[in-house]
Structures are given as structure tokens and as C-alpha cells.
Amino acid sequence: MGKYIKYLIIGVVGLVSIGVLTYQYSDSAKKQVQLQALDAVHDLATNRMKKQAENGSTSVAAEFINFPIEATEVADGIIRVTGIGNIYMVPTDEGNVLFDTGLVMQVPKQIAAMNKAVPDNKLTHIILSHSHADHIGGVKYWKEDGVEIIAHDQFTEEQRYLKALEPYLHDRNRLLFPFMPEEPPTAEMIAYGGITPTLKVNEGDSYRLELGGKVMEVYAMAGAEGADNLVMWLPEQKALLSGDFFGPMFPQFPNVFTMRGEKIRKPVEYIRSLNRLIDLAPEVILPGHLDPVTGQEKIVAGLTKMRDAVQYVHDETIAGMNGGKTLYQLMETISLPPELELSQAHGRVSWAVKSIWEYYATWFHFDRTTELYGVDRGEVMPDVVALAGPNALLEKARSYNKADQPVRAMHIVEILLDDPSQASDPGVNQVRLETLQLLLDKAINGIENSYEIYWLNAQIRLAEGVISEVSNSSN
Ligand SMILES: [Zn+2]
């Protein structure tokens, strides 16, 4: 990872010095030079990841870098340029409308591809689906004087807290996605944030745009990727530009929780948003990532199923709360009925139960007095380990694994990991590794939730790291 950082630093230093040299030139000349420099940083970072992928050290990177950046007309009069995040343009005789702007590193190539597909590129509006970095990276490069930037009323607040918590979010993301750079980018031209919408649409409201005879409607609707989700509707084509409203697949159980640690998504608002989309009855969905979904019947059925599934999990959680069930009982017992079965590859029902519980009741589960105090139970685990003896605990963990109860085994392993004298013990980490492998097998052969798999793989890397460190130092 050190090398990747070196490339980034070389690139960033290059960017900064080029920036200084071009300070005297016009804004657009400066932008051109910045785009060239940004593209060079992109290529360096990409080459680094290509090498990693060739060495087999990360498979995610391979998918990431092989994603083509190409323009195509995906629906009548709507141009998409692909990338990590798709960008869309609706050209009209009175100016063009851009929906989303991609990840900053890919902006130079996405702009070039779009300019080739739409040569008369007089931009009048930029519409942002939400404040995530893979959707707003290109704003400062696309924006000219007088271009309207339209976003959800909550965009500014979401952008503020994501920026304020950037180091924390970056560390968590990097554990899950080890190919990421060690630090969040700080150079001005690649840094996250700083976008001020010129026009905001309130939650539940819409904004109608008529340009060169084309009608576009922007709907502010809290979604599965935050409180600032906004979609664009083209009534003539019955096309929905959905940003990340649905997540990476359609249909699927939505992610009302994110492992990287953002605010919990509001379940009832999400259901209301789905109802608005069902009323529109789209014929095509053009998502922020991957390919269009077509077919009105299939789309409306999918939207309806998603709405009913979220409503079901929501209502069951409330019923359980009122019925005196514990959170863990509800996480174990609430599942989708067969007619509402949906992929949980992105959002997971048991995590939605926990999110809905904590959305309403917050963090005090009313179970244990110690919940109220800043002394973690881990602090007394060395006492428990000393009393029980580490070998007895390891034996217990192994027996839970043999009985195919790896979550119970992990509870025991975590007692040992809370004891500093045991945390670096290779034997403890060997049982930790076996337990994680069992959990991973279950995850892969079960609902295949991608975040669960990222997390378990990250923990496996940590356990393997401890084991190999100990064996190296004893050699
Ligand atoms: Zn996204």
C-alpha cells in the first residue's frame, strides 16, 4: 500500500505545482490543465491496482479497474457514460442537463467520452442524486458560470457530516476495501465536498424543468442511500434516473443500514418514496451504477415487493418491540415471507431489524445496567480469562464450531481477544480463523450479503496477519 501512496503523492505534488504555475491563466485553461493532471493521477493509481490484481493480492481491484468508460444512448435522448458511477446527459436545443458527475478520478475520461458523444455540450443544469463521492466528484469540472446545481434540501447537511467524519469513514471503508489509499485525498482538486447547490428541492416535493421541448421532473425522496436522495423522471420516455435509490441491484432488499457507518436510513420515508415511484410506473430504470432495468411490469412488481418487504420488516419489528421481545430475538426470528423473498446481497433483513429498532429506540436497549456507562465489558474479560483459563475457553469455542454454532464460538473467541495477553496468541488466532472461515462459508452459501463477506474477509486477513507475524518473529 505504501507504493500506492507514493504514486498518489507524486500525482498530488504534480497537481499542486501545476496548479501554482497555471494560476495566472484563465479559469477554463486552468481547468484543462487540472483535468490532465487528474487523469495522470488516475492512470498511476489504476496501474498500481492492475499490478495488485495481477499479483492476486486483491480481486476487487480487478473489477474496479476493468470497468470501461464509454458513452451510449441508453434510452431515447438520454446518453450514459459508464464508470464506477454512471453519468447521464439529456441534450436539448436550449442546453443540456447532466445527472450525476461520477468519481473524481474518472472525471477527465468521463468528460472526454461525453463531449465526444454530445459535441455541442452547452450545459445548463447539473442534478445530483445524492452527496456520495462517486456521484459528485465532477461538479467543479463540469460547472461553468450560470449552471444551475440542483440537489435535495438535505444535500448540504449530508455533505457536511460526511466531510466532518471523513477520517473515520475512510478507515472503516479501507478495512472493508483494502485497495483504497491509506489517507483520504486532501488536495483541493480531488478532495471530497465543497459543493453548494444553487437550487434545493424539499423532501416530498418536485421540481419541473422544461428545456428545448423536453420535460424533466426532479423528485426529492429520501432513499436507501441517505436522506438526500433525488431522482429524475422523464415522463415522455417513462425513464427514471434513480441514482443509488435502489442500491446495486433491482429488485433487492434495501440497505437501510451501512456497515461503513453512516446515519440510519428512515424506514417510513423510504416506503413513502417507493410509493411515489410505484405511482410513476417507470418503463426503464437508469441507475447510478451498472446497467438499465427495462420492462414496466417487472419494475412495478419489483418496486411493490421492495415496499411491502420493508413495510413487513418494519411492522414486525414494531410488533416485537411492543410485545416485549429483545432485539436479538427479533434479529433471529424476523424473516421475509416467501411471497416477499428478495435478494439480501446488499441489504440484510436482520440488520434492518436492528436499524429500525435503534432508529426508534436509540442505543439504550434496556437490557443491562452497564450499557449506561463508559466501561466496556472487554475491560473485565482478562479476569474472566484468568478464572476460566484460556485453554478451557478455546476448547469451548472449538466445541461450538464442531456443533456448527460459529457465532457462539466467536463470542468465546472475543472474550480471549479482549485480553491483551491472549490477543496476539497464535493458538487463539487459529481458532479465531477457523471460526471466521465457518462464518464465511455460511455467508457465501447463504444469503451472500456482500458487506458480511467483506467484513469476514477483513477479519480473516487480521487473524492471518497475527499468526504470520508470530511465526516470523519466532524464526
Ligand atoms: Zn454510488
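Modeller: Let us begin with a term: two strands pair if DSSP finds at least two bridges between them. Please keep in mind that this is a predicted model. With that cut-off, strand S9 (residues 214-220) and S10 count as paired, because four bridges join them and at least two are needed. The two strands run antiparallel, and Tyr219 stands opposite Val231 in S10.

Colleague: How do you know that S10 and strand S11 (residues 239-243) pair?

Modeller: Three bridges join S10 to S11, and the cut-off is at least two, so they pair; the strands run antiparallel, and Leu234 stands opposite Ala239 in S11. The hairpin of S10 and S11 has four residues between the strands, and in this hairpin Lys238 takes a positive phi near 50 degrees.

Colleague: What makes strand S10 (residues 230-234) mostly covered?

Modeller: Five of its five residues are buried, and buried means under 20% relative accessible area. Leu230, Met232 and Leu234 point one way from S10, while Val231 and Trp233 point the other way, and all are buried.

Colleague: Why are strand S1 (71-75) and strand S7 (199-201) said to stand at the edges?

Modeller: The open sheet of seven strands has the order S1-S2-S3-S4-S5-S6-S7, with mixed pairing. S1 and S7 each have a single partner strand, so one side of each is left without a neighbour in the sheet. From one strand to the next, the twist averages 25 degrees.

Colleague: How do you know that helix H4 (residues 107-117) packs on the sheet?

Modeller: Helix H4 touches S1, S2, S3 and strand S4 (96-99), and its direction makes about 150 degrees with that of S2. Within the sheet, strand S2 (residues 78-81) and strand S3 (residues 87-90) pair in the antiparallel sense over three bridges, and the bridge partner of Ile79 in S3 is Met89.

Colleague: What makes the phi of Asp100 worth a remark?

Modeller: Most residues other than glycine have a negative phi, and most peptide bonds are trans. Phi of Asp100 is near 70 degrees, a positive value in a residue other than glycine. Asp100 is in the loop between S4 and H4, and its relative accessible area of 1% is under 20%, so Asp100 is buried. Phi of Ala281 is also positive, near 50 degrees, and Ala281 has its place in the loop between H9 and strand S12 (284-287). At 18% relative accessibility, Ala281 is under the 20% cut-off and therefore counts as buried.

Colleague: Why is Tyr373 called exposed, and what makes Pro181 buried?

Modeller: Exposed means over 50%, and Tyr373 has a relative accessible area of 57%, so Tyr373 is exposed. Tyr373 is found in the loop between helix H12 (349-361) and helix H13 (381-388), and together with Trp363 and Leu372 forms a nonpolar patch on the surface, with about 400 Å² of accessible area. Pro181, in the loop between helix H8 (166-176) and S7, is at 14% relative accessibility, which is under 20%, and therefore counts as buried.

Conventions
Residues numbered from 1 in each chain as written. Predicted model: local features only at pLDDT ≥ 70, side-chain atom pairs only at ≥ 80, totals over all residues. Heavy atoms only, no water. Axes fitted to C-alpha atoms, helices over the stretch in contact; angles between N-to-C directions. Contact = heavy atoms within 4.5 Å. Buried < 20%, exposed > 50% of the residue type's maximum accessible area, 1.4 Å probe, protein only. Patch = residues over 30% accessible without salt bridge, like charges linked within 9 Å, V, L, I, M, F, W, Y side chains within 5 Å. Areas by Shrake-Rupley, 256 points an atom, 1.4 Å probe, with all protein chains shown as cover. Salt bridge = Lys/Arg side-chain N within 4 Å of Asp/Glu carboxyl O.
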